Amino acid sequence: MKKIILLILIFMFGIGFAQKVKKEEKVKDKFESRQPQDMSVPAPPMVAFPAQYPKGNKAFIENVKKNLNADALKTLGKDLKTKIILKVNSEGDVINVSTYGENEVFNTEVKKAAEKATYQVKWEAGKNNRGEKVIDIVNLPFKY
């Protein structure tokens with residue numbers, strides 16, 4: 001009798017304190033759930049060889065650092081981060097410069113410096129698998 005009562009108690013505790021198992025959510029599902037998809041817009045082309053600054057993307061980051069207004073950034077502190085996003089067309093011209101980070105003042109200063117670094121500079125255009133030049137989007141992290 002004691003074994004049956006013990007077995008029933010264990011069974012009740014097992015059911016009562018069982019954990020709910022969440023369905024594993026993928027990063028893709030999270031992104032798609034936040035942004036509605038317009039099916040009339042084609043997907044961006046696959047770029048096998050991404051666009052690059054003439055002397056390399058590290059040289060671009062160094063040029064951006066040189067062009068930054070240090071006086072405007074003194075009050076912001078240290079460990080500032082943002083992401084520079086450049087859209088480069090098939091001729092190697094920078095069409096658009098965007099910055100995304102937590103600090104808006106830092107973002108605007110980095111955007112100005114990046115625009116100055118890309119002014120009248122021809123990038124090496126991105127190429128697809130067949131070697132054709134295509135529009136490319138370049139994402140570069142930036143720390144100050």
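Tutor: Buried means under 20% relative accessible area, exposed over 50%, and partly exposed in between, with a 1.4 Å probe and protein chains only. This is a predicted model, in which local features need pLDDT of at least 70 and side-chain atom pairs count only at pLDDT 80 or more, while totals for chains, interfaces and linings use all residues. Residues are numbered from 1 along each chain as its sequence is written, and side-chain values use heavy atoms, leaving out hydrogens and water.

Student: How many salt bridges does a search of the whole structure find?

Tutor: A salt bridge is a side-chain nitrogen of Lys or Arg within 4 Å of a carboxyl oxygen of Asp or Glu. The search finds three.

Student: Which side chain meets Lys 112 in a salt bridge, and is Glu 109 buried or exposed?

Tutor: Lys 112 pairs with Glu 109 at 3.8 Å, N to O. Helices are DSSP runs of H or I with at least four residues, and strands are runs of E with at least two, numbered from the N terminus. The two residues are three apart in helix α5, so about one helical turn separates them. Glu 109 is buried at 11% relative accessibility, whereas Lys 112 is exposed at 53%.

Student: Where do Asp 93 and Lys 122 lie?

Tutor: These side chains form a salt bridge at 2.9 Å, N to O. Asp 93 lies in the loop between β1 (81–88) and β2 (94–101), and Lys 122 in the loop between α5 (104–118) and β3 (126–127), so the pair ties together parts 29 residues apart in sequence. Asp 93 is partly exposed at 30%, and Lys 122 is partly exposed at 49%.
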